[in-house]
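Here is a short report on a protein model. It is meant to be read beside the sequence and the coordinates.

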Amino acid sequence: MDFEALRKYSALHPKPAGLTLQYGTAGFRSKAEQLDHIVFRMGLLAILRSKAVTATIGIMVTASHNPEEDNGVKLVDPLGEMLHPSWEEYATQLANAEEQELQKVITEICQKAAVNLHKDASVFIGRDTRPSSEKLSQSVIDGIQVLGGQYHDYGLVTTPQLHYMVCCQNTQGQYGKATLEGYYEKLSKAFMELIKQSHCSGESQRHLKIDCANGIGALKLSEMKPYFPQELVIHIYNDGTKEKLNHLCGADFVKVHQKPPGGLDMKPNERCCSFDGDADRIVYYYKDTAGHFHLIDGDKIATLISIFLKELLAKVKQDFKMAVVQTAYANGNSTRYLQETLKVPVHCVKTGVKHLHHKAQEFDVGVYFEANGHGTVLFSKAAETKIRQLVKEEKDDEKREAAKMLENMIDLINQTVGDAVSDMLFTEAILALKGLTVQQWDALYTDLPNRLLKVQVADRRVIDTTDAERRALTPPGLQEKIDALVKKYKLSRAFVRPSGTEDVVRIYAEADTQENADALAHEVSLAVFYLAGGKGAPPQP
């Protein structure tokens with residue numbers, strides 16, 4: 001390794017004194033001006049990771065739904081999945097090393113992870129539309145070049161597109177072609193094949209209004225438009241030409257504020273959806289004739305796809321194990337509907353995409369969605385092979401037709417990560433195939449009223465949780481207090497969990513009425529404030 005070049009280049013990307021950042025679920029995120037040394041060092045780390053696993057690694061420069069002045073960076077592992085947890089620690093160590101320790105830390109990582117420095121290395125790079133992203137991705141390239149790695153810079157892409165490219169590259173094209181055209185062709189072809197199988201005439205054209213959060217989603221959807229069949233007519237709003245990224249728009253804004261984004265005019269009963277800033281989340285919504293806003297979040301998307309897949313799986317008569325994976329934030333009525341009406345097993349895991357993805361891998365068909373609209377479906381290798389075989393060999397028409405639909409779903413779904421474009425296409429296909437309106441979809445079940453709050457604390461680590469974050473182990477007395485408060489309200493539950501990124505404790509409560517959900521959330525926030533070291537004034541109702 002050329003330590004002289006490392007020292008020289010590292011000096012061009014100096015670490016601000018006293019700054020420490022943690023690699024979390026979403027990689028590193030911070031104000032853009034604090035990230036130059038971080039992205040340079042992640043270029044270094046991606047090369048080490050690539051040498052360790054002899055595969056192409058991805059680096060995405062984005063801060064997703066954060067404000068435009070923030071940015072971030074995350075690494076993508078060989079099959080398009082999140083970076084391995086042991087390497088998250090290496091990322092944090094490398095990011096926070098002082099200039100003079102850099103060489104030592106790199107050497108230690110190489111020893112611990114058995115990195116063979118003589119192996120070739122290659123990295124795929126992508127970035128979002130933030131003003132700071134281009135310069136930061138140039139710093140990534142500096143890091144890659146210091147260690148003599150190969151790279152391909154895809155430039156502006158959605159986060160899921162980069163995950164997809166990495167997976168295609170490392171499966172030698174089995175998953176698809178590692179180009180944007182390859183991505184557009186694979187998804188649009190599967191979508192068209194599905195729509196073709198729709199026997200109900202229904203609407204001859206499906207109109208959909210899409211809020212693209214003034215982000216990358218708008219650019220990529222515009223590029224993809226020519227690939228769509230004429231049955232699908234998309235109208236793009238918040239395309240980034242006028243307003244700031246994620247400002248008063250995008251999936252996160254709509255979900256948190258439970259109201260439509262700015263910049264999109266909704267007429268009654270029109271189907272609308274919002275992507276987030278890097279297009280890996282989606283939520284749907286509409287306004288009824290009385291002008292009331294209805295949000296259709298990740299839980300309801302998961303329910304729609306579960307209904308569809310369960311019917312198809314029943315038709316192909318194979319013994320496939322299907323399950324839905326949720327977090328504690330999933331609405332109680334969605335869990336009830338899935339378990340009691342659909343009779344589909346539901347598993348609850350800790351918050352964070354990697355926990356959901358990992359659990360979903362245990363089933364032949366694993367559906368996972370967070371309420372915020374991030375999710376996808378995973379098919380086991382065995383299930384996929386069997387389904388493709390049935391399409392070729394099955395004599396029974398109904399079985400073969402169902403297998404064909406499943407095969408198209410497998411090709412339409414981006415199995416590497418939640419993907420707003422792919423999720424939007426399969427949702428549109430299912431609504432068309434089942435002849436459902438947005439209102440009928442929404443009416444599958446009614447969400448229990450809920451409230452999210454946060455309380456500032458001196459140290460978030462005083463709260464420790466168990467049972468997929470649904471119960472608090474510490475501080476002493478907090479869980480007992482929550483249990484007592486929950487007993488006061490009908491159909492209620494509440495839980496608290498420390499934030500992964502800041503010294504706040506997040507509180508979720510649901511109950512039979514909005515008034516009760518609000519009251520319960522407030523009482524729990526007071527309990528957290530007094531028992532877990534709240535900062536400032538006590539929470540006000």
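## Basis of the model

This is a predicted model, in which local features need pLDDT of at least 70 and side-chain atom pairs count only at pLDDT 80 or more, while totals for chains, interfaces and linings use all residues. Residues are numbered from 1 along each chain as its sequence is written, and side-chain values use heavy atoms, with hydrogens and water left out.

## Annotated domain

An unreviewed UniProt entry places "domain: Alpha-D-phosphohexomutase alpha/beta/alpha" at residues 52-100 and 104-166. UniProt positions follow the numbering used here, feature names are shortened, and annotations may be inferred rather than shown by experiment.

Residues 52-100 are 29% helix and 27% strand. The end C-alpha atoms of that span lie 24 Å apart. Residues 104-166 are 49% helix and 21% strand, with end C-alpha atoms 30 Å apart. Helices (H or I, at least four residues) and strands (E, at least two) are DSSP runs, numbered from the N terminus.

## Active site and binding site

The unreviewed UniProt entry marks Ser-64 as "active site". For "binding site", the unreviewed entry lists Ser-64, Asp-276, Asp-278 and Asp-280. These residues are spread over 217 residues of sequence, yet they cluster in space, with a largest C-alpha distance of 8.1 Å.

Where does Ser-64 sit? Ser-64 is in the loop between β2 (56-61) and β3 (70-76). Is Ser-64 buried or exposed? Its relative accessible area is 3%, so Ser-64 counts as buried. Buried means under 20% relative accessible area, exposed over 50%, and partly exposed in between (1.4 Å probe, protein chains only). Leaving aside neighbours within four places in sequence, Ser-64 is in contact (heavy atoms within 4.5 Å) with Arg-29, Arg-130, Asn-246, Asp-276, Gly-277, Asp-278 and Asp-280.

Asp-276 lies in the loop between β8 (272-275) and β9 (282-287). Asp-276 is buried because its relative accessible area is 1%. Leaving aside neighbours within four places in sequence, its contacts are Ser-64, His-65, Cys-212, Ala-213, Asn-246, Ala-251 and Arg-281. A polar atom of the Asp-276 side chain lies 3.0 Å from the backbone nitrogen of Ala-279.

## Lys-220

Lys-220 belongs to helix α8 (residues 216-224). Despite its charge class (Asp, Glu, Lys and Arg count as charged; Ala, Val, Leu, Ile, Met, Phe, Trp, Tyr, Cys and Pro as nonpolar; the others, Gly among them, as polar), Lys-220 is buried, with a relative accessible area of 4%.

A polar atom of the Lys-220 side chain lies 2.8 Å from the backbone oxygen of Leu-156. Leaving aside neighbours within four places in sequence, Lys-220 is in contact with Leu-156, Val-157, Thr-158, Gln-161, Leu-180 and Tyr-184. Val-254 is 34 residues from Lys-220 along the chain, and their C-alpha atoms are separated by 21 Å.

## The second largest pocket

The second largest pocket holds about 920 Å³ of space. Pockets and cavities are found on a 1 Å grid over the protein atoms alone: a cavity is a set of points where a 1.4 Å probe fits but cannot get out, and a pocket is an open set with protein on both sides within 12 Å along at least five of seven lines; lining residues have an atom within 4 Å of a point.

The second largest pocket has 34 lining residues, and Leu-79, His-357, Gln-361, Leu-378 and Gln-415 lie nearest its centre. They divide into 14 nonpolar, twelve polar and eight charged. α12 gives the most to this lining, with five residues.

Gln-415 lies in the loop between α14 and α15 (420-434). Gln-415 is buried, with a relative accessible area of 12%. A polar atom of its side chain lies 2.9 Å from the backbone nitrogen of Phe-379. Leaving aside neighbours within four places in sequence, the contacts of Gln-415 include His-357, Leu-378 and Phe-379.

## The cavity

The structure holds one cavity of 30 Å³ or more. The largest cavity has about 40 Å³ of space. Its lining includes Tyr-23, Lys-74, Met-82 and Glu-88. By class, the lining divides into five nonpolar, three polar and two charged residues.

Note on methods
Points joined across faces, edges and corners; volume = space filled by probe spheres on them. Polar contact = N/O pair within 3.5 Å; in protein donor to acceptor, adjacent residues only side chain to side chain.
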